[in-house]
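Please look over the sequence and the fold below before reading on. The paragraphs after them are a guided walk.

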Amino acid sequence: MSATAAADERLAPTSLVRKLLGRPELGSVVGAAAVFVFFSFAADSFLQASSLSTILYSASTIGIMACPVALLMIGGEFDLSAGVMVTTSALVSSMFSYQMTANVWVGVLVSLLVTLAIGFFNGFMLTRTKLPSFIITLGTFLMLTGLNLGFTKLISGSVSTKTIADMEGFPSARALFASQWTVGSVTLKVTILWWLALVAVATWILLRTRAGNWIFAVGGGADAARAVGVPVVKTRIGLYMGVALCAWISGQHILFSFDVVQSGEGVGNEFLYIIAAVIGGCLMTGGYGSAIGSAVGAFIFGMTSNGIVYAQWNPDWFKFFLGAMLLLATLLNAWVRKRAEATK
(Lines give C-alpha, C1' and ligand atoms only; values in the text may rest on other atoms or scores of the structure.)
Protein backbone atom coordinates (compact mmCIF):
# COMPACT_ATOMS: atom_id res chain seq x y z
CA MET A 1 0.00 0.00 0.00
CA SER A 2 2.81 2.42 0.86
CA ALA A 3 4.46 1.87 -2.52
CA THR A 4 1.18 2.50 -4.27
CA ALA A 5 0.59 5.66 -2.28
CA ALA A 6 4.08 6.91 -3.12
CA ALA A 7 3.49 6.23 -6.79
CA ASP A 8 0.14 8.03 -6.69
CA GLU A 9 1.79 11.03 -5.00
CA ARG A 10 4.43 11.28 -7.69
CA LEU A 11 1.80 11.16 -10.42
CA ALA A 12 -0.44 13.73 -8.77
CA PRO A 13 -0.85 16.94 -10.79
CA THR A 14 1.21 19.91 -9.63
CA SER A 15 -0.82 22.78 -8.20
CA LEU A 16 -0.84 26.16 -9.94
CA VAL A 17 0.77 27.82 -6.92
CA ARG A 18 3.63 25.34 -6.94
CA LYS A 19 4.14 25.84 -10.67
CA LEU A 20 4.25 29.60 -10.24
CA LEU A 21 6.71 29.38 -7.35
CA GLY A 22 8.94 27.23 -9.52
CA ARG A 23 9.18 29.83 -12.28
CA PRO A 24 12.42 31.89 -12.20
CA GLU A 25 10.70 34.98 -13.58
CA LEU A 26 7.99 35.14 -10.88
CA GLY A 27 9.80 37.78 -8.84
CA SER A 28 10.48 39.96 -11.87
CA VAL A 29 6.84 39.81 -13.00
CA VAL A 30 5.73 40.99 -9.56
CA GLY A 31 8.37 43.72 -9.66
CA ALA A 32 7.32 44.81 -13.16
CA ALA A 33 3.70 45.12 -12.06
CA ALA A 34 4.76 47.20 -9.06
CA VAL A 35 6.93 49.52 -11.19
CA PHE A 36 4.15 49.90 -13.75
CA VAL A 37 1.55 50.83 -11.12
CA PHE A 38 3.99 53.19 -9.40
CA PHE A 39 4.84 55.23 -12.48
CA SER A 40 1.21 55.17 -13.63
CA PHE A 41 0.45 57.35 -10.62
CA ALA A 42 3.77 59.21 -10.45
CA ALA A 43 3.82 60.36 -14.09
CA ASP A 44 0.70 61.58 -15.89
CA SER A 45 2.11 60.86 -19.35
CA PHE A 46 3.34 57.34 -18.50
CA LEU A 47 0.22 55.58 -19.82
CA GLN A 48 0.07 57.50 -23.08
CA ALA A 49 0.45 55.37 -26.21
CA SER A 50 3.51 57.29 -27.37
CA SER A 51 5.15 56.80 -23.97
CA LEU A 52 4.52 53.06 -24.00
CA SER A 53 6.09 52.77 -27.47
CA THR A 54 9.19 54.59 -26.19
CA ILE A 55 9.35 52.27 -23.18
CA LEU A 56 9.11 49.21 -25.42
CA TYR A 57 11.89 50.52 -27.65
CA SER A 58 14.18 51.17 -24.66
CA ALA A 59 13.38 47.73 -23.32
CA SER A 60 14.06 46.06 -26.67
CA THR A 61 17.52 47.61 -27.08
CA ILE A 62 18.51 46.15 -23.70
CA GLY A 63 16.45 42.98 -24.08
CA ILE A 64 18.10 41.87 -27.33
CA MET A 65 21.37 41.53 -25.43
CA ALA A 66 19.91 40.55 -22.05
CA CYS A 67 18.42 37.42 -23.63
CA PRO A 68 21.72 35.71 -24.64
CA VAL A 69 23.42 37.08 -21.53
CA ALA A 70 20.73 35.34 -19.47
CA LEU A 71 21.45 32.03 -21.23
CA LEU A 72 25.15 32.56 -20.61
CA MET A 73 24.50 33.20 -16.92
CA ILE A 74 22.32 30.10 -16.70
CA GLY A 75 25.37 28.32 -18.09
CA GLY A 76 27.39 29.74 -15.20
CA GLU A 77 29.44 32.37 -17.08
CA PHE A 78 29.65 36.14 -17.68
CA ASP A 79 30.59 38.35 -20.61
CA LEU A 80 31.93 41.79 -19.72
CA SER A 81 32.75 42.51 -23.37
CA ALA A 82 29.14 42.40 -24.56
CA GLY A 83 28.63 46.17 -24.47
CA VAL A 84 31.66 47.18 -26.51
CA MET A 85 31.16 44.18 -28.82
CA VAL A 86 27.96 45.83 -30.01
CA THR A 87 29.95 48.93 -30.97
CA THR A 88 32.66 46.80 -32.60
CA SER A 89 30.03 45.14 -34.76
CA ALA A 90 28.69 48.49 -35.95
CA LEU A 91 32.17 49.94 -36.55
CA VAL A 92 33.37 46.97 -38.61
CA SER A 93 30.26 47.05 -40.79
CA SER A 94 30.48 50.80 -41.37
CA MET A 95 34.22 51.13 -41.96
CA PHE A 96 34.50 48.05 -44.17
CA SER A 97 31.63 49.22 -46.35
CA TYR A 98 33.02 52.75 -46.64
CA GLN A 99 36.67 51.85 -47.25
CA MET A 100 35.96 49.04 -49.68
CA THR A 101 33.25 51.12 -51.45
CA ALA A 102 31.18 47.95 -51.53
CA ASN A 103 27.52 47.23 -51.05
CA VAL A 104 26.75 47.74 -47.36
CA TRP A 105 25.58 44.15 -47.14
CA VAL A 106 29.18 43.06 -47.66
CA GLY A 107 30.17 45.06 -44.59
CA VAL A 108 27.23 43.60 -42.66
CA LEU A 109 28.32 40.04 -43.44
CA VAL A 110 31.97 40.78 -42.65
CA SER A 111 30.83 42.26 -39.35
CA LEU A 112 28.88 39.09 -38.60
CA LEU A 113 31.96 36.94 -39.14
CA VAL A 114 34.17 39.23 -37.04
CA THR A 115 31.66 39.42 -34.19
CA LEU A 116 31.14 35.64 -34.13
CA ALA A 117 34.91 35.23 -34.09
CA ILE A 118 35.11 37.41 -30.98
CA GLY A 119 32.46 35.27 -29.30
CA PHE A 120 34.35 32.12 -30.30
CA PHE A 121 37.55 33.64 -28.92
CA ASN A 122 35.91 34.28 -25.54
CA GLY A 123 34.54 30.76 -25.30
CA PHE A 124 37.71 29.11 -26.59
CA MET A 125 39.97 31.03 -24.20
CA LEU A 126 37.66 30.20 -21.30
CA THR A 127 37.70 26.48 -22.00
CA ARG A 128 41.41 26.25 -22.78
CA THR A 129 42.87 28.44 -20.03
CA LYS A 130 40.38 27.50 -17.26
CA LEU A 131 40.53 31.13 -16.14
CA PRO A 132 37.35 32.72 -14.77
CA SER A 133 35.08 34.23 -17.40
CA PHE A 134 35.36 37.53 -15.53
CA ILE A 135 39.08 37.73 -16.36
CA ILE A 136 38.78 36.48 -19.94
CA THR A 137 35.98 38.83 -20.95
CA LEU A 138 37.46 41.76 -19.01
CA GLY A 139 40.56 41.35 -21.15
CA THR A 140 38.41 41.24 -24.29
CA PHE A 141 36.52 44.31 -23.09
CA LEU A 142 39.73 46.30 -22.72
CA MET A 143 41.14 45.13 -26.06
CA LEU A 144 37.95 45.94 -27.95
CA THR A 145 37.68 49.34 -26.27
CA GLY A 146 41.18 50.20 -27.47
CA LEU A 147 40.68 48.71 -30.93
CA ASN A 148 37.40 50.54 -31.45
CA LEU A 149 38.98 53.90 -30.74
CA GLY A 150 42.36 53.19 -32.35
CA PHE A 151 41.10 51.78 -35.64
CA THR A 152 38.38 54.41 -35.99
CA LYS A 153 40.90 57.24 -35.59
CA LEU A 154 43.37 55.48 -37.90
CA ILE A 155 40.89 54.84 -40.69
CA SER A 156 38.40 57.70 -40.37
CA GLY A 157 40.64 60.33 -38.81
CA SER A 158 38.14 60.98 -36.02
CA VAL A 159 36.31 59.16 -33.24
CA SER A 160 33.27 58.49 -35.43
CA THR A 161 32.72 56.72 -38.74
CA LYS A 162 31.87 58.32 -42.08
CA THR A 163 28.33 58.33 -43.43
CA ILE A 164 27.30 55.37 -45.58
CA ALA A 165 23.69 56.45 -46.13
CA ASP A 166 24.25 57.00 -49.86
CA MET A 167 25.72 53.53 -50.48
CA GLU A 168 24.00 50.70 -52.29
CA GLY A 169 22.07 48.38 -50.01
CA PHE A 170 21.61 50.91 -47.21
CA PRO A 171 17.79 51.20 -47.57
CA SER A 172 17.26 47.43 -47.47
CA ALA A 173 19.62 47.03 -44.51
CA ARG A 174 17.85 49.82 -42.66
CA ALA A 175 14.52 48.12 -43.33
CA LEU A 176 15.78 44.94 -41.66
CA PHE A 177 17.63 46.43 -38.70
CA ALA A 178 16.16 49.88 -38.07
CA SER A 179 12.74 50.21 -39.67
CA GLN A 180 9.66 51.45 -37.88
CA TRP A 181 5.94 51.55 -38.54
CA THR A 182 3.02 53.49 -37.17
CA VAL A 183 -0.13 51.89 -35.74
CA GLY A 184 -2.59 54.66 -34.97
CA SER A 185 -0.66 57.12 -32.84
CA VAL A 186 1.97 54.58 -31.80
CA THR A 187 5.33 54.24 -33.55
CA LEU A 188 6.89 50.80 -33.14
CA LYS A 189 10.44 49.91 -34.11
CA VAL A 190 11.69 46.66 -35.55
CA THR A 191 13.93 46.01 -32.56
CA ILE A 192 10.78 45.04 -30.65
CA LEU A 193 10.19 42.20 -33.13
CA TRP A 194 13.85 41.14 -32.95
CA TRP A 195 13.61 41.14 -29.16
CA LEU A 196 10.42 39.05 -28.98
CA ALA A 197 11.71 36.60 -31.60
CA LEU A 198 15.00 36.09 -29.75
CA VAL A 199 13.20 35.51 -26.44
CA ALA A 200 10.90 32.98 -28.10
CA VAL A 201 13.82 31.10 -29.70
CA ALA A 202 15.86 31.17 -26.48
CA THR A 203 12.88 29.88 -24.47
CA TRP A 204 12.36 27.07 -26.96
CA ILE A 205 16.05 26.15 -26.75
CA LEU A 206 16.02 26.10 -22.95
CA LEU A 207 12.79 24.16 -22.47
CA ARG A 208 12.44 22.00 -25.56
CA THR A 209 15.89 20.99 -26.78
CA ARG A 210 18.83 18.92 -25.66
CA ALA A 211 21.02 22.02 -25.84
CA GLY A 212 18.82 23.62 -23.18
CA ASN A 213 19.41 20.69 -20.86
CA TRP A 214 23.13 21.05 -21.49
CA ILE A 215 23.04 24.75 -20.57
CA PHE A 216 21.32 24.08 -17.25
CA ALA A 217 23.63 21.15 -16.55
CA VAL A 218 26.81 23.14 -17.24
CA GLY A 219 25.58 25.98 -15.06
CA GLY A 220 24.70 23.58 -12.26
CA GLY A 221 28.15 22.00 -12.29
CA ALA A 222 30.53 21.56 -15.19
CA ASP A 223 32.33 18.52 -13.78
CA ALA A 224 29.10 16.66 -13.06
CA ALA A 225 27.75 17.61 -16.49
CA ARG A 226 30.91 16.36 -18.18
CA ALA A 227 30.66 13.09 -16.26
CA VAL A 228 27.25 12.35 -17.77
CA GLY A 229 28.33 13.15 -21.32
CA VAL A 230 27.39 16.81 -21.70
CA PRO A 231 29.68 18.56 -24.24
CA VAL A 232 30.76 21.31 -21.85
CA VAL A 233 33.29 22.94 -24.19
CA LYS A 234 30.90 23.16 -27.14
CA THR A 235 28.09 24.41 -24.92
CA ARG A 236 30.18 27.25 -23.48
CA ILE A 237 31.56 28.29 -26.85
CA GLY A 238 28.04 28.18 -28.31
CA LEU A 239 26.74 30.43 -25.53
CA TYR A 240 29.44 33.03 -26.14
CA MET A 241 28.77 32.94 -29.87
CA GLY A 242 25.08 33.46 -29.10
CA VAL A 243 25.99 36.64 -27.23
CA ALA A 244 28.11 37.69 -30.23
CA LEU A 245 25.24 37.06 -32.66
CA CYS A 246 22.91 39.32 -30.70
CA ALA A 247 25.69 41.91 -30.38
CA TRP A 248 25.86 41.91 -34.18
CA ILE A 249 22.09 42.50 -34.42
CA SER A 250 22.28 45.35 -31.91
CA GLY A 251 25.29 46.86 -33.66
CA GLN A 252 23.59 46.86 -37.05
CA HIS A 253 20.56 48.53 -35.50
CA ILE A 254 22.75 51.34 -34.14
CA LEU A 255 24.52 51.79 -37.46
CA PHE A 256 21.45 51.85 -39.68
CA SER A 257 19.46 53.98 -37.22
CA PHE A 258 22.01 56.78 -36.93
CA ASP A 259 24.20 56.20 -40.04
CA VAL A 260 27.40 56.98 -38.09
CA VAL A 261 28.89 55.27 -35.05
CA GLN A 262 30.83 56.80 -32.17
CA SER A 263 33.77 54.56 -31.25
CA GLY A 264 33.39 55.12 -27.51
CA GLU A 265 29.80 53.89 -27.28
CA GLY A 266 28.77 50.74 -25.44
CA VAL A 267 31.09 50.98 -22.44
CA GLY A 268 29.12 50.07 -19.34
CA ASN A 269 26.14 48.59 -21.17
CA GLU A 270 27.30 45.08 -20.28
CA PHE A 271 26.23 45.76 -16.71
CA LEU A 272 22.75 46.73 -17.88
CA TYR A 273 22.42 43.40 -19.67
CA ILE A 274 23.55 41.50 -16.59
CA ILE A 275 21.26 43.52 -14.33
CA ALA A 276 18.27 42.82 -16.60
CA ALA A 277 19.07 39.09 -16.50
CA VAL A 278 19.46 39.08 -12.70
CA ILE A 279 16.27 41.07 -12.17
CA GLY A 280 14.61 38.52 -14.46
CA GLY A 281 15.52 35.63 -12.18
CA CYS A 282 18.98 34.44 -13.24
CA LEU A 283 21.24 33.46 -10.37
CA MET A 284 24.83 34.68 -10.30
CA THR A 285 25.89 31.11 -9.53
CA GLY A 286 24.37 29.67 -12.71
CA GLY A 287 21.99 26.80 -13.38
CA TYR A 288 18.81 28.82 -12.85
CA GLY A 289 16.90 31.41 -14.84
CA SER A 290 14.88 31.96 -18.00
CA ALA A 291 14.86 33.98 -21.21
CA ILE A 292 11.38 35.27 -20.42
CA GLY A 293 12.70 36.63 -17.14
CA SER A 294 15.38 38.59 -18.99
CA ALA A 295 12.64 40.16 -21.13
CA VAL A 296 10.74 41.19 -18.01
CA GLY A 297 13.95 42.58 -16.53
CA ALA A 298 14.55 44.62 -19.69
CA PHE A 299 10.96 45.87 -19.57
CA ILE A 300 11.51 47.03 -15.97
CA PHE A 301 14.61 48.87 -17.18
CA GLY A 302 12.60 50.54 -19.93
CA MET A 303 9.83 51.58 -17.54
CA THR A 304 12.25 52.93 -14.94
CA SER A 305 14.54 54.86 -17.29
CA ASN A 306 11.63 56.54 -19.05
CA GLY A 307 9.31 56.76 -16.05
CA ILE A 308 11.81 58.95 -14.21
CA VAL A 309 11.85 61.32 -17.18
CA TYR A 310 8.05 61.37 -17.49
CA ALA A 311 7.76 62.06 -13.76
CA GLN A 312 10.17 65.00 -14.28
CA TRP A 313 12.59 63.76 -11.66
CA ASN A 314 16.31 64.32 -11.77
CA PRO A 315 17.67 61.56 -14.07
CA ASP A 316 20.67 61.25 -11.76
CA TRP A 317 18.41 59.13 -9.56
CA PHE A 318 18.15 56.45 -12.25
CA LYS A 319 21.30 54.61 -11.19
CA PHE A 320 20.08 54.59 -7.59
CA PHE A 321 16.79 52.96 -8.59
CA LEU A 322 18.63 50.51 -10.83
CA GLY A 323 20.91 49.45 -7.97
CA ALA A 324 17.99 49.17 -5.55
CA MET A 325 16.05 47.02 -8.02
CA LEU A 326 19.09 44.78 -8.48
CA LEU A 327 19.41 44.16 -4.74
CA LEU A 328 15.68 43.65 -4.23
CA ALA A 329 15.41 41.34 -7.22
CA THR A 330 18.35 39.23 -6.02
CA LEU A 331 16.80 38.86 -2.56
CA LEU A 332 13.37 38.11 -4.01
CA ASN A 333 14.76 35.55 -6.46
CA ALA A 334 16.59 33.77 -3.64
CA TRP A 335 13.40 33.71 -1.57
CA VAL A 336 11.31 32.40 -4.48
CA ARG A 337 13.82 29.63 -5.17
CA LYS A 338 13.84 28.57 -1.51
CA ARG A 339 10.03 28.48 -1.48
CA ALA A 340 10.02 26.46 -4.69
CA GLU A 341 12.47 23.93 -3.24
CA ALA A 342 10.47 23.75 -0.01
CA THR A 343 7.26 22.86 -1.88
CA LYS A 344 8.84 19.99 -3.85
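This is a predicted model: local features need pLDDT of at least 70, side-chain atom pairs count only at pLDDT 80 or more; totals for chains, interfaces and linings use all residues.

Residues are numbered from 1 along each chain as its sequence is written, and side-chain values use heavy atoms, with hydrogens and water left out.

Start with two helices. Helices here are DSSP runs of H or I with at least four residues, strands are E runs of at least two, and both are numbered from the N terminus. Two packed helices are described by the angle between their axes and the distance between the axes. The axes of α6 (residues 104–129) and α8 (residues 170–177) come within 8 Å. They cross at roughly 45 degrees. Each axis is a line fitted to C-alpha atoms, for helices over the stretch in contact, and the angle runs from 0 to 180 degrees between N-to-C directions. α6 and α8 are therefore oblique to each other. Under 35 degrees would count as roughly parallel, over 145 as roughly antiparallel and 65 to 115 as roughly perpendicular; the rest is oblique.

Which residues meet? V104, W105 and V108 in α6 meet F170, S172, A173, L176 and F177 in α8. Contact means heavy atoms within 4.5 Å. By class, these residues are seven nonpolar, one polar and no charged. Nonpolar covers Ala, Val, Leu, Ile, Met, Phe, Trp, Tyr, Cys and Pro; charged covers Asp, Glu, Lys and Arg; the others, Gly among them, are polar.

Now turn to the open space. The largest pocket holds about 410 Å³. A pocket is found on a 1 Å grid over the protein atoms alone, as an open set of points with protein on both sides within 12 Å along at least five of seven lines; a cavity is a set where a 1.4 Å probe fits but cannot get out; lining residues have an atom within 4 Å of a point. Grid points are joined across faces, edges and corners, and a volume is the space filled by probe spheres set on the points.

The lining of the largest pocket has 22 residues. T61, V86, H253, I254 and N269 lie nearest its centre. α4 (49–74), α5 (82–100), α12 (232–258) and α13 (269–279) each supply at least two residues of the lining. The classes are eleven nonpolar, ten polar and one charged.

Follow α13 onward. Nine of its eleven residues are buried, so α13 is largely enclosed by the rest of the structure. Buried means under 20% relative accessible area, exposed over 50%, and partly exposed in between (1.4 Å probe, protein chains only). Among the buried residues are E270, Y273 and V278. G281 follows α13, with a positive phi near 115 degrees.

The structure holds one cavity of 30 Å³ or more. The largest cavity contains about 40 Å³ of space. Its lining is L272, I275, A276, I279, G297, I300, F301, L322 and M325. α13 gives the most, with four. The lining has eight nonpolar, one polar and no charged residues.

Most residues other than glycine have a negative phi, and most peptide bonds are trans. K130 has a positive phi, near 65 degrees. K130 sits in the loop between α6 and α7 (133–156). Is K130 buried or exposed? K130 is exposed, at 63% relative accessible area. Q312 has a positive phi too, near 60 degrees. Q312 lies in the loop between α14 and α15. Q312 is exposed, at 72% relative accessibility.

T54 lies in α4 and is partly exposed, at 34%. T54 and G302 are 248 residues apart along the chain, yet their C-alpha atoms are 8.2 Å apart. Leaving aside neighbours within four places in sequence, T54 contacts N306 and Y310.

G323 is in α15 and is partly exposed, at 31%. G323 and I275 are 48 residues apart along the chain, with C-alpha atoms separated by 8.7 Å.

G212 lies in α10 (residues 210–220). G212 is buried, at 0% relative accessible area. G212 and L71 are 141 residues apart in sequence and 9.0 Å apart in space, C-alpha to C-alpha. Not counting residues up to four places away in sequence, G212 touches I205 and L206.
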